[in-house]
Amino acid sequence: MSAYRAKSAGRGGDEYRLWGSDADFLPGDGQYQHEPKYCARFGSASAFHQLWRQRPHSPDAWHRVGRKCRHAAQTAGILRIRLPDNQTSLNDREISFLDIRPARTRLAPSPTGRFHLANARNALYSYLVARQTGGQFILRVEDTDQRRFVPGAEEVIVLSLEWLGLTPNESPFHGGQHGPYRQTERREIYQHYAKILIEKDSAYPCFCTPERLDQMRKEQEARKVDRVRYDGLCRRLDPENAARRVASGEKYVIRFKMPYEGTTTAHDHIRGNIVTENRYLDDYILMRSDGLPTYHLSAMVDDHEMKITHVLRSAEWLPTFPLHVQIIRAFGWDEPIWIHPSILLKPSGKGKMSKRDTAAAMKDGHSIFVDDLDGLGYTPEGVLNWIALMGWGVAEDDVMTLDEMIERFSIDNLTPSPAAINFQKLDHFNGTHIRLLTTEELARRVKPFLTNAGFDVDDDTLLKVTPLIRERLVTLDDSIPFAGFFFKGTVEPNPEDLIAKGLDARQSAEIARKAYDILASLPDMSHQTAEPPMREFVETSGLSANQVFGILRVAVTGQKVSPPLFESMEVIGKENVLERLQKARTLLESL
RNA sequence: GCCCCCAUCGUCUAGUGGACUAGGACGCAGCCCUUUCAAGGCUACGACCGGGGUUCGAAUCCCCGUGGGGGCACCA
């Protein structure tokens, strides 16, 4: 995998360089000096690769491409940035555009519940960043809260990722060089780092009991303080004294020593700098009395140990974002690029999805849980496309496969505002991607739904049926009403439905008889041979196509709505068609 | 209550000071195609939260409101 990097030659510098590990298409010594006014942004290494091959290295050529592609740039994954005349250097944001070293990203769910849309979206974006830079996507299980641990949740997470096609490079199940990938298996690591923090005077042991904390909180609330926070009793303890108490086996937690004054500036890639006054922050607990870390410590330690370059997590973490930045700075580590995609709102746009909304969605054939979506007949392609666009601004051509997303995705196009879930859009994308599937693939995916519905499915018939139902499916289980009758020996039409509009039972029976005669006289039941004589019959009879074909449809398929009639009859076969027609006629005559 | 985040069609969004008569997609409505249902094609409807600035010029920059969301645990 290639790695490219571009960087400003320094503040106020006027030169931009690209270099990469894959020097064979970089000119000369592997460096290329840009026209100072322009720099390139690469959505992906391969997009860059392509452009590089196409264009000669003259500044004019770059210029031309840049002007022309302003709009098309998004789709090509390449965009030229023209620096304003008074700007001579790139800012951090712009530099990060250019930085496409292999990224290491991670999904860090806690095995406490089900794998839902927000998890899936974070996984997708993380996966995309990793893949387009030739990096790794990691799954880390954050199971430090053992009280909330749900057995089997880990498996659901991995299975869901697998189903979506977002297979991690490293995980508790896939292994890797930076494991273990389960936090409960990393206790000693956190203890080691907590100790370092105490040594650096950025953390301290706290012996306050839950009861005292509770009382303290109540007092503060009674005083109507702006911010209820730890009063610092143990922070003022003499370190040696504290160490003695720890050694004596007294119960304690470890707290972060938050500065009482000043501000913390944290940089989110989507929102820019977020400045928080430290007095609104707290001496958060890093290590619990059970010896396990809280998220604040474990996530920072693991992201560092696992060499994570881009931290993608829900915007719910924004309030504690400054804390996390402080912890990392206290250690003296490099910060990753922080990306907080907006939260997902319920379809009404009012609030996060709740249990009640989830139940309502289920009743409607929808769900926010990935493992439900599978059973509901949704395809990974459709689901992926759907979630991708909640928070990723794509100007045009928003139907994409995973590979196309890898080409086009950029963390720079993520949107900061909360997005409401829209299940209609899921249906749209699902139907669209179903239509994009090959016949063989669609047949393969539809089969289990038919089989589960009790149909005895043979592959030859299914392969013939699939093209007929393809553009009618929103979900895969829609194949049951549309294709089920192909796999039944007989059908039981509703007698009422057999009577054509404007006609009575007698007349309808007569039409069935004539149709029978015509079809029986044919050499075969292919739609090419069957349709013309039937059309001719419609013409000469003075009846409408609607009436005649309607009777035929109900008789042959047993239902008023079906795939195209003659193609369906071809699949069902002459003998069977005639049999069903005969039965319909008898039924009509008995009315 | 306090802190933080956000603000363009009903929804997802494009938009980075003039190319904006604000573009696309979903949905909705109509038309075309059509044996049903779809799919497809075309057309319509539809938005810059409000008020102040800055500027020759603001959807875009700043401030103040308002509205929405999130967070205030030995949960993540």
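Reply: Start with Asn422, which counts as partly exposed because its relative accessibility is 33%. Buried means under 20% relative accessible area, exposed over 50%, and partly exposed in between, with a 1.4 Å probe and protein chains only.

Me: What should I know about the model and the numbering?
Reply: This is a predicted model, where local features need pLDDT of at least 70, side-chain atom pairs count only at pLDDT 80 or more, and totals for chains, interfaces and linings use all residues. Residues are numbered from 1 along each chain as its sequence is written, chains are lettered from A and ligands numbered from 1 in the order written, and side-chain values use heavy atoms, without hydrogens and water.

Me: Back to Asn422. Where does it sit?
Reply: In the loop between strand E16 (419-420) and helix H15 (423-436). Helices (H or I, at least four residues) and strands (E, at least two) are DSSP runs, numbered from the N terminus.

Me: Which backbone nitrogen lies 3.0 Å from a polar atom of its side chain?
Reply: That of Gln424. A polar contact is a pair of N or O atoms within 3.5 Å; within protein, one must be able to donate a hydrogen and the other to accept it, and residues adjacent in sequence count only if both atoms are side-chain atoms.

Me: And how far is Asn422 from Ser348?
Reply: 8.8 Å in space, C-alpha to C-alpha, and 74 residues in sequence.

Me: Which part of the RNA does His428 meet?
Reply: A phosphate oxygen of RNA strand B, 3.4 Å from an N or O atom in the side chain of His428.

Me: What about Arg535 and Arg147?
Reply: A polar side-chain atom of Arg535 lies 2.8 Å from a phosphate oxygen of RNA strand B. For Arg147, a side-chain N or O atom is 3.2 Å from a sugar or linking oxygen of RNA strand B.
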